[in-house]
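Dear colleague,

I am passing on the structure below, together with some notes on what I found when going through it. Please read them with the coordinates open beside you.

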Amino acid sequence: MVKLKKILNEIRIEEALPKFTSLYKAFDYIQGLRGQSMDLEQTMRSTLADIQDLQRDMEQEAEPEGGPIADKYAREMEYLKRQYNKTKAEFEKIMAEIDEFDQKYI
């Protein structure tokens, strides 16, 4: 919730929402946002599945005391976590816009 408030403070949602001249344009706008949010949510699920698969593989193959294989898995894990966090931030931003739209127009 703190992250959401931070995002909302950084972006003036009232300024981000366009003024709609027709009901069709408003509907098209919100459906586009909802489609983006579903795509991002699916990407997040896929990334989490990749992280879980990588953890299972790491348990089987990596050296417990560390080494080149463990380092390789650590780099891959960090990359996936960064991707997940980036996607999550983008998802939260779009969800904040959807929420603002719903509060303002519905």
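Predicted model: local features only at pLDDT ≥ 70, side-chain atom pairs only at ≥ 80, totals over all residues.

Leaving aside its neighbours within four places in sequence, which residues is Arg34 in contact with? They are Ile98 and Asp102, where contact means heavy atoms within 4.5 Å.

Residues are numbered from 1 along each chain as its sequence is written, and side-chain values use heavy atoms, with hydrogens and water left out.

The chain as a whole

The chain has four helices and zero strands, so that from the N terminus on its elements run α-α-α-α; helices here are DSSP runs of H or I with at least four residues, strands are runs of E with at least two, and both are numbered from the N terminus. Of the 106 residues, 27% count as buried, a word that stands for under 20% relative accessible area, with exposed meaning over 50% and partly exposed in between (1.4 Å probe, protein chains only). The accessible surface comes to about 7900 Å², and carbon and sulfur atoms hold 53% of this surface; the areas come from the Shrake-Rupley method with a 1.4 Å probe, and for residues only the protein chains shown count as cover. Among the contacts with a separation of 6 or more, 74% are accounted for by residues 24 or more positions apart.

The pairing of H3 and H4

The axes of H3 (residues 23-61) and H4 (residues 68-105) come within 9 Å and cross at roughly 160°, the axes being lines fitted to C-alpha atoms, for helices over the stretch in contact, with angles that run from 0 to 180 degrees between N-to-C directions. Because of this angle, H3 is roughly antiparallel to H4, a label given to angles over 145 degrees, whereas those under 35 count as roughly parallel, 65 to 115 as roughly perpendicular and the rest as oblique. By class, the contact of H3 with H4 has 20 nonpolar, six polar and 11 charged residues; Ala, Val, Leu, Ile, Met, Phe, Trp, Tyr, Cys and Pro count as nonpolar, Asp, Glu, Lys and Arg as charged, and the others, Gly among them, as polar.

Individual residues

Arg34, with which I began, is found in H3 and is partly exposed, with a relative accessible area of 30%. Its C-alpha lies 8.2 Å from that of Ile94, although Arg34 and Ile94 are 60 residues apart in sequence.

Thr47, also found in H3, is buried at a relative accessible area of 9%, and, neighbours within four places in sequence again left aside, Thr47 is in contact with Leu80 and Tyr84.

Leu54 is another residue of H3, buried with a relative accessible area of 7%. Leaving aside neighbours within four places in sequence, Leu54 is in contact with Tyr73, Glu76, Met77 and Leu80.

On the side of H4, where Tyr73 has its place, Tyr73 counts as buried at 4% relative accessibility. Beyond its neighbours within four places in sequence, Tyr73 is in contact with Leu54, Asp57, Met58, Glu61 and Ala62; of these, Met58 is 15 residues from Tyr73 in sequence and 6.4 Å away in space, C-alpha to C-alpha.
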